[in-house]
Amino acid sequence: MDLIIILQAGVASGTVLLFATIGEIFTERSGVLNLGIEGMMLVGAMTSFSITLKTGNPWLGVVAAMAAAGLISQIHAFITVTLQADQVVSGLSVSFLGTGLSLVLGEGLSKAGTVSLLPSFSIPYLSQIPLLGPVFFTKQSVLVYIGYLVFPLCWYFINKTRPGMHLRAVGEYPAAADALGINVYRLRYLYVFVGGMFSGVAGATISLAVSPGWFSELTTAGQGWIAVGLVIFAQWNPLRAAVGSYVFGALRRLILDIQGPLLLFGLPNPFYYNPYYGFFLQMIPYAFTIIVLILGSREAMRKRMGAPAALGLPYIRGQRGL
Amino acid sequence: MELVNEQTQKKVVVSMRGIVKKFPGVLANDAVDFELIEGEVHALLGENGAGKSTLMNILAGLYRPEAGTISIRGKAVSFNSPKDAIQAGIGMVHQHFMLVPSQSVTENILLGLDEPRFRLRLREYEQKVVELGERFGLHVDPRAKVWQLSVGEQQRVEILKMLYRGAQVLIMDEPTAVLAPTEIEDLFKTLHSMAAEDQSIIFISHKLQEVLEISDRVTVLRRGKVTASGIPLINTTRAELARLMVDREVLFRLEKKAVEAGDKVLEVQDIRAENDRGLPALREMSLNVRAGEIVGLAGVAGNGQRELAEVITGLRKITGGKILVHGEDLTNKPVKTGIRRGISHIPEDRTHVGTAGNLSITDNTIMKNYNQPPIGQRWVVNAVLANKYAEDLQKAYDIVVPSIKTPVRLLSGGNLQRVILAREISSQPSLLVAVQPTRGLDVGAIEGVQRLLLAQREAGAAILLISEELEELLSLSDRIYVIYEGKIMGEVLDGDIEKIGMMMTGTPMKDIEARGSK
Ligand SMILES: Nc1ncnc2c1ncn2[C@@H]1O[C@H](COP(=O)(O)OP(=O)(O)OP(=O)(O)O)[C@@H](O)[C@H]1O
Ligand SMILES: [Mg+2]
């Protein structure tokens, strides 16, 4: 069990969480909670795999994944922004819808064989840095490198640009934004779409790079839900989201790999000899998600963590006494 | 074609003609005419629910009128949104501020504009904000986050926001209701410097003294109709204004009968408590209130007044000390226990703490006795009795609404306060904690509330009156405590304003006395 290899794989697997989490940060910053990430990721993974299979071009697969997951997300936008229905209920249905759709449309894909994957390569010079080089810059998929660029850019966009400022205003105090001529409804549709596209990329990252193939709902194995928890852990900040995603990616790998060797630190490996222990290990990320969600649902805690003040609330123009 | 006002020979900026606005069951504006000329401060007066905010919301593009025309500098306009109004040079500062708390002052000012295009370049724009502020005497740190600002500073940001957009007309809906006296002075200076640059201001207020001080002309509304239109304010008295508003004499004088104070009803001993952010709000403070007396608590806003009211009524836990009511220890007991022991609360926040917005007048008035006979019978509420009860209160407290089934969020500020008073006073409390009970009320309503408080005093209730309005405290209270940073600075029996003022800025009574005897 080589720690460097585990970390290297961890970064790749963390990239999936990174895309999903950043997408949800955009959506939630606009005041819409979308619990449908898991479903949208599955749609993205299935679409990208099947398009790549047909065309032989993985980049087309990624674009198709973004479009498909983005499309699904607009159902959520219509239900919550236009019809002003409950965001939790709608998000759960979108998750079921996405899961169901991908299972039906992805029927038989798992036996389809191999597809051409997105390229992997090492970065000259950077890969020579001790420790960081092999972990971050050696033989990673191109999507992993894109991830390194995406999270600081997203942070910059949200905090330092005019559209980012409008995004924050719409999620904090939509009535104030509306009074100044910002179209609250249009921006919410837009950022739900952006969230959907990111989920699609997250799905494609699995099926075309990190663990290639289509394994029905096990493809994502609940990572969409972990992303929902990570958004809260990250306090809606893309930089913290990156830290959380990579740590969790590494943790996932570690949990898988720790069950392999016979000896652990020179002692008999309890996880090898007693596979049931492994189940408890695998539970950790999900248990974490549940705890974060419980903490995050407390009003006082949310305020302290800087949750967008209008998160979860439909915006109704001109309503008196709110 | 630019219009010119005949009396003053000045240009007419805004002209509203025959404005009609209906809400379900109310005619809020009934053929209202309104005219604003260049460089004037124009006061808009009227009782609670007279339709002032409605008229101004129409001018600011928030509501669309059913009938009537608006013209700006002689050109007919029709606003579909506040943005249209802002583009026509009309900006409104609402009673509830429209600021994003988590963003900085500069960000709030830039919100919704086309400049800067993409990158925010805040440093550059912060400079512009500072310059604009200096021009009109509006000082505020452009980098501060809005949640860190005092109410007065937030108001300045709102004004800056409108000036930055080139507003020529500034509408201010009850701007002084939330300000400390020194902040009011600053605001008036700003308004004067704006008028000097030929900008026009519409000023809504219930404080007639202020209206006389700041405004050039006044328009008065009564139940949606204009009763005085643009009359000059020179040589007008407070009493005349009041008569125009309420159509009867307002006394401005209260009859306070002598009442022998009885036993101590409330005893607060060395209590400590924290505010919402977890910082100390009350530090070892003690006070007491006897039956049949009104005890005032003076102080600048944010010195622990709200926390004290919440602690006494059981809404906030204390971290040290004791609270006794009729000698019984009620420290950190549930709110319900307090209610059963006869504690009533008129909270500062009417819309969130005092009432439930989506519930009807009936539901809001029976909130404290819905589970007791005769209204509550076992597990059902007797709807007939409940409605009867609410109707009686509606008459007794003069609540103006289309029906007792109306959700209270639709009520005007004054009527909402009457709903709370009706509920809290009709339970015949032995201890009444009243926080800013007359804020935002019209002169007639203020008189009504003050009479009710005095009547409770005569009935033997102990009343703790927490207010920032010194005049009100002095005319109602038997004794006045002064609070500063969560501590009682001292107690005044003779209404010595000078001493109160010194204690409000943090000089304890014993220091004042020491200095006096030297
Ligand atoms: N959005 C609304 N829906 C229904 N009724 C409304 C609405 N806005 C105002 N009203 C009603 O219209 C009338 C006029 O209200 P408005 O707020 O204009 O009064 P106001 O003069 O500003 O009173 P105050 O001094 O208490 O602020 C009131 O009876 C109020 O209940
Ligand atoms: Mg009003």
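Figure 1. A residue is called buried under 20% relative accessible area, exposed over 50%, and partly exposed in between. With that in hand, look at B:E513 in this predicted model: its relative accessible area is 46%, so it is partly exposed. You will find B:E513 in helix α18 of chain B, which covers residues 509-517. Now pick out B:P175, 338 residues away from B:E513 along the chain. The C-alpha atoms of B:E513 and B:P175 are separated by 37 Å.

Figure 2. The buried residues are B:Q305, B:E307, B:L308, B:A309, B:E310, B:V311 and B:I312. Follow the chain just past α9(B) and you come to B:G314, which takes a positive phi of about 90°.

**Figure 3. Helices α1 and α6 of chain A, side by side.** Here helix α1 (residues 3-29) and helix α6 (residues 142-160) of chain A come within 10 Å of each other, taking the distance between their axes. The axes cross at roughly 25°. Angles under 35 degrees count as roughly parallel, and α1(A) and α6(A) are therefore roughly parallel to each other. The crossing of α1(A) past α6(A) is left-handed. On the α1(A) side, the residues that meet α6(A) include A:V11, A:L18, A:F19, A:I22 and A:R29. Their partners in α6(A) include A:L143, A:V144, A:V150, A:F151 and A:F157. Sorted by class, this contact has 16 nonpolar, two polar and one charged residues.

**Figure 4. Helix α6 of chain A with helix α11.** Stay with α6(A) and turn to helix α11 of chain A, residues 238-257. The axes of α6(A) and α11(A) are 8 Å apart, and the helices pack at an angle of about 150°. Which way do they run relative to each other, roughly parallel or roughly antiparallel? Angles over 145 degrees count as roughly antiparallel, and α6(A) and α11(A) are therefore roughly antiparallel. From α11(A), the contact takes in A:P238, A:L239, A:A242 and A:Y246. From α6(A) come A:G147, A:Y148, A:F151, A:P152, A:C154, A:W155 and A:I158. The residues of this contact divide into 10 nonpolar, one polar and no charged.

**Figure 5. Aromatic rings in chain A.** Over all chains, the structure holds 21 aromatic pairs. A pair of aromatic rings is described by the distance of the centres and the angle of the planes. Take A:Y185 and A:Y315: their ring centres are 5.9 Å apart and their planes lie at 40°, so the pair is tilted. This pair links distant parts of the chain, 130 residues apart, with A:Y185 in helix α9 (residues 184-210) of chain A and A:Y315 in the segment after α14. A:Y185 is partly exposed at 30% relative accessible area, whereas A:Y315 is buried at 10%.

Another tilted pair is formed by A:Y276 and A:F279, at 6.2 Å centre to centre and 55° between the planes. A:Y276 and A:F279 both lie in helix α13 of chain A, three residues apart, which is about one turn of the helix. A:Y276 counts as exposed, at 58% relative accessibility.

Finally, find the cluster that ring pairs build from A:F121, A:F136, A:F137, A:Y145, A:Y148, A:F151 and A:Y246.

Notes
Residues are numbered from 1 along each chain as its sequence is written. Chains are lettered from A and ligands numbered from 1 in the order in which they are written. This is a predicted model: local features need pLDDT of at least 70, side-chain atom pairs count only at pLDDT 80 or more; totals for chains, interfaces and linings use all residues. Side-chain values use heavy atoms; hydrogens and water are left out. Axes are lines fitted to C-alpha atoms, for helices over the stretch in contact, and angles run from 0 to 180 degrees between N-to-C directions. Helices (H or I, at least four residues) and strands (E, at least two) are DSSP runs, numbered from the N terminus. Angles under 35 degrees count as roughly parallel, over 145 as roughly antiparallel, 65 to 115 as roughly perpendicular and the rest as oblique. A crossing is left-handed if the near helix is turned anticlockwise from the far one by less than a right angle, and right-handed if clockwise. Contact means heavy atoms within 4.5 Å. Ala, Val, Leu, Ile, Met, Phe, Trp, Tyr, Cys and Pro count as nonpolar, Asp, Glu, Lys and Arg as charged, and the others, Gly among them, as polar. Buried means under 20% relative accessible area, exposed over 50%, partly exposed in between (1.4 Å probe, protein chains only). Rings of Phe, Tyr and Trp (its six-membered ring) pair if their centres lie within 6.5 Å; planes under 30 degrees apart count as stacked, over 60 as edge-to-face and the rest as tilted.
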